[in-house]
Amino acid sequence: MNTQSTGIHHISSMVKDPQRTLDFYGQVLGLRLVKQTVNYDDPGMYHLYFGDEVGTPGTIITFFPIPGIGQGQVGSGQVGVTAYLVPPGSLSFWEGRLQEQGVQTVATERFGEASLLFEDPDGLVVELVERDSSKRTKWHVAGVSGEEAIVGFAGATLLSKDPEGTVRLLTELFGFERLEEDEEWIRLKGSADYGNIIDVKKTVLPNGVPGAGTVHHIAWRVADGEHYATWQDAIFDLGLRPTEVRERNYFQSVYFHDTGRILHELATDVPGFQIDEEIEELGQELQLPSWLEKERAQIRQSLPPIVIPKGEHK
Ligand code: ZN
């Protein structure tokens, strides 16, 4: 089958303030801003991408900062927790670093794995999970060593209006394995090394309300765009409605809602973030796709100025 996904490509969320988001993800959590561009569907707002040193699929979190947006509410039809993988033994470091920044943390556990739960400045629920991985990031910010730095996503929890339907989508269409189950969660595993553990909540919560501090959609890895027609047919056969293929410049995308109201995206691993910037320059300047270049001056004017967090590629 040509409809398999190895794991998460990126997760996109809504926030209020671009600078606050840059400071938190780029400085406190130590991720690299790999691209500053605009929302292609609404170019009056930024679209900020953070990840490892090059924004490898499975490490990418993206934000749409919308200054006037209301506070959202996490619930059914959304990603519940965005989970990052950190090296074993690093959670106490992160607990200290977050608390120094005034971020309250809760030590917790799911399926025997220790994790630290907290909210970003907009109330987005984020988790750091200790898990072995051979991957280390090559992006470094002051105060975070390579043995502590976030590797990429651990995975995510999904709050579905139809938990079994969401599980079927991930197992039967995406090829995830059903790993284990407790009273609260069904754990699924994709074949990637990170961004591959998905916990689907078995109980149905009240519907989520979109807004600041909530995830807009979760994107899954597809090697390239070659098999999109097969994917679209397979999604259609499940009674779901895939969009046409959309050009996102750094990847190509197809979107659809599952039976549990969750908005999914399929996103290609290629071409990636180095098509319009050298590796050392990633994220430094506003990048626009060719079809928006002619509107650069207007777009620039509508966007608040931002200060890019500092870090080192080594
Ligand atoms: Zn997306």
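1. Val38 sits in strand S2, which covers residues 32-39. The model is a predicted one. In it, Val38 is buried, its relative accessible area being 0%. Leaving out neighbours within four places in sequence, the contacts of Val38 include Pro43, Met45, Tyr46 and His47. Leu286, Gln287, Leu288, Leu292, Ile299 and Leu303 are also in contact with Val38.

2. The zinc ion takes its protein donors from His10 (NE2), His217 (NE2) and Glu265 (OE), at 1.9 to 2.0 Å. The sequence spacing of these donor residues is H-x206-H-x47-E. His10 belongs to strand S1 (residues 8-15) and Glu265 to strand S17 (residues 263-268), so this pair ties together parts 255 residues apart in sequence. Both His10 and Glu265 are buried.

3. An open sheet is formed by eight strands, ordered S6-S7-S8-S5-S10-S13-S12-S11, with mixed pairing. Strand S6 (106-110) and strand S11 (177-181) are at the edges and have a single partner strand each, so one side of each has no neighbour in the sheet. From one strand to the next, the twist averages 30 degrees.

4. Within this sheet, strand S5 (residues 78-86) pairs with strand S10 (residues 152-159) in the antiparallel sense, over seven bridges. Ala83 has Gly155 of S10 as its bridge partner.

Terms used:
Residues numbered from 1 in each chain as written. Predicted model: local features only at pLDDT ≥ 70, side-chain atom pairs only at ≥ 80, totals over all residues. Heavy atoms only, no water. Donors = N, O, S within 2.8 Å, 3.2 Å for Na, K, Ca; no water. Helix = DSSP H or I, 4+ residues; strand = E, 2+ residues; numbered from the N terminus. Buried < 20%, exposed > 50% of the residue type's maximum accessible area, 1.4 Å probe, protein only. Pairing = 2+ DSSP bridges. Axes fitted to C-alpha atoms, helices over the stretch in contact; angles between N-to-C directions. Contact = heavy atoms within 4.5 Å.
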